[in-house]
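Student: I'd like to go through this model with you, starting at the ligand. Can you put it up on the screen?

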Amino acid sequence: MGESKIVHSALVTYTSMISLLTLCPPFVILLWYTMVHADGSVLKTYEYLRQHGLQGFKNIWPTPSPIAWKIIACFGAFEAFLQLALPGKRVEGPVSPSGNIPVYKANGLQAYAVTLISYLSLWWFGIFDPAIVYDHLGEIYAALVVGSFVFCIFLYIKGHLAPSSSDSGSSGNVIFDFYWGMELYPRIGKNFDIKVFTNCRFGMMSWAVLSVTYCIKQYELYGRVADSMLVNTVLMLVYITKFFWWEAGYWCTMDIAHDRAGFYICWGCLVWVPSVYTSHGMYLVNHPVNLGTLLALFILVVGLLCIYINYDCDRQRQEFRRTNGRCLVWGKAPSKIVASYQTTSGETKTSLLLTSGWWGLSRHFHYVPEILAAFCWTVPALFNHILPYFYVLFLTILLFDRAKRDDDRCSSKYGKYWKMYCDKVPYRIIPGIY
Ligand code: NDP
């Protein structure tokens with residue numbers, strides 16, 4: 001079914017895969033260098049590279065230091081421990097393409113609270129200064145670039161030798177298997193879910209921890225935290241809190257239910273999220289812009305509204321699916337399509353597609369507030385440089401591509417039922433425009 005089409009279209013983008021594999025690591029380092037050492041100016045970095053050539057680039061690339069490895073190891077081990085040890089409700093994920101139902105322990109919010117409280121306590125009681133993390137950021141990214149690559153090789157080998165479930169397999173192409181992944185739900189033992197660790201407990205958690213780190217660093221440098229930094233951090237922390245509040249819902253999304261564990265998703269969450277997703281905060285550390293109370297509050301309120309709408313879109317879909325359509329959407333009985341499809345084992349199953357509420361405005365309306373929220377937590381950096389906006393640009397491209405990928409996948413999964421949905425809700429993302 002849909003899976004073979006995904007495999008085919010991904011093989012067609014072979015060149016882009018190779019480009020991403022080779023260009024992402026240097027980009028992460030250059031982004032860090034520009035934000036921290038070149039005032040956020042692409043021009044300055046470009047001038048430096050033009051003058052010093054390849055040797056200059058080598059000089060920029062930090063060596064993964066022992067302290068960087070220690071920070072990563074302590075953080076990773078702490079998060080793995082919390083994932084395994086904290087109590088949580090048993091939650092079932094969606095039926096996989098092979099008909100399996102993965103089971104999870106929903107303890108993300110507890111892990112998030114314990115992490116932030118522990119981190120702030122370490123700082124408050126003078127046991128560990130988070131500014132050290134900022135001071136060694138380049139070495140940490142350099143270590144993550146290498147360590148995560150090795151981790152993806154491990155995933156590739158595990159997928160071949162010891163897959164955790166029947167939701168696994170090779171496309172026959174080594175690079176594609178490494179890039180896209182072999183397993184949908186790789187686990188260590190029965191309970192340690194690798195994608196929950198890489199995507200949620202390492203990637204998303206590091207985003208929160210680094211945001212707090214940047215605030216503390218600015219405070220140590222200037223004796224205060226500028227309102228621009230506060231707006232940036234509060235919005236991101238609200239967004240990440242929402243993420244962990246709704247983590248079990250995330251386990252039903254494309255990242256977990258459809259994307260296999262390979263370089264694309266795992267390297268992305270282990271390296272790209274802690275670097276690119278926090279890059280505007282990295283910039284703000286040395287640029288304590290003062291927005292003034294009114295403007296700061298305005299950006300904060302608009303950002304919060306966007307985060308709420310994004311959350312409500314996800315909640316509406318999940319509530320609708322959870323209650324089998326027996327819920328109210330915007331105060332009314334939902335309008336829906338009962339779509340049947342076949343699993344890879346040939347079983348016929350049905351899913352409900354919501355065609356009212358947010359999901360009746362466009363087929364991926366939830367991406368609109370997602371992008372606007374990202375803009376709101378970036379705009380405190382003002383407009384002196386383009387680079388702080390890299391995350392917003394990247395997110396826009398990612399989500400437009402994702403909407404297309406999802407449409408293609410759903411179309412081959414649901415066939416005529418998806419067409420009925422497209423006829424009823426013709427716009428893909430922006431109502432009336434696209
Ligand atoms: P979702 O998984 O939430 O939605 C897509 C899936 O939902 C489809 O594959 C389909 O799955 C099902 N579906 C589609 N249409 C309907 C419908 N009308 N009614 C019911 N079910 C439907 O998408 P994402 O994973 O992309 O997004 C989840 C959240 O993550 C969003 O808030 C998004 O903004 C955010 N996100 C953030 C990113 C970031 O980097 N900051 C990146 C990506 C997402 P099925 O096969 O079950 O039918």
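Student: How far is an oxygen atom of the ligand from an N or O atom in the side chain of Arg 402?

Tutor: Quick caveats: this is a predicted model, with local features needing pLDDT of at least 70 and side-chain atom pairs pLDDT 80 or more, while totals for chains, interfaces and linings use all residues. Residues are numbered from 1 along each chain as its sequence is written, and side-chain values use heavy atoms, leaving out hydrogens and water. Now, an oxygen atom of the ligand and an N or O atom in the Arg 402 side chain are separated by 2.6 Å.

Student: And how much of the ligand does the protein bury?

Tutor: Areas here come from the Shrake-Rupley method with a 1.4 Å probe. Alone, the ligand exposes 920 Å².

Student: Which element gives the largest share of the shell around the ligand?

Tutor: Helices are DSSP runs (H or I, at least four residues), numbered from the N terminus. Among the elements giving two or more residues are helix H15 (293-322) and helix H18 (390-414). The largest share, 10 residues, comes from H18.

Student: Are Lys 158 and Glu 183 buried or exposed?

Tutor: Their side chains meet in a salt bridge at 2.9 Å, N to O (a side-chain nitrogen of Lys or Arg within 4 Å of a carboxyl oxygen of Asp or Glu). The two sit 25 residues apart, with Lys 158 in helix H7. By relative accessible area (buried under 20%, exposed over 50%, partly exposed in between, 1.4 Å probe, protein chains only), both are buried.

Technical notes: Polar contact = N/O pair within 3.5 Å; in protein donor to acceptor, adjacent residues only side chain to side chain.
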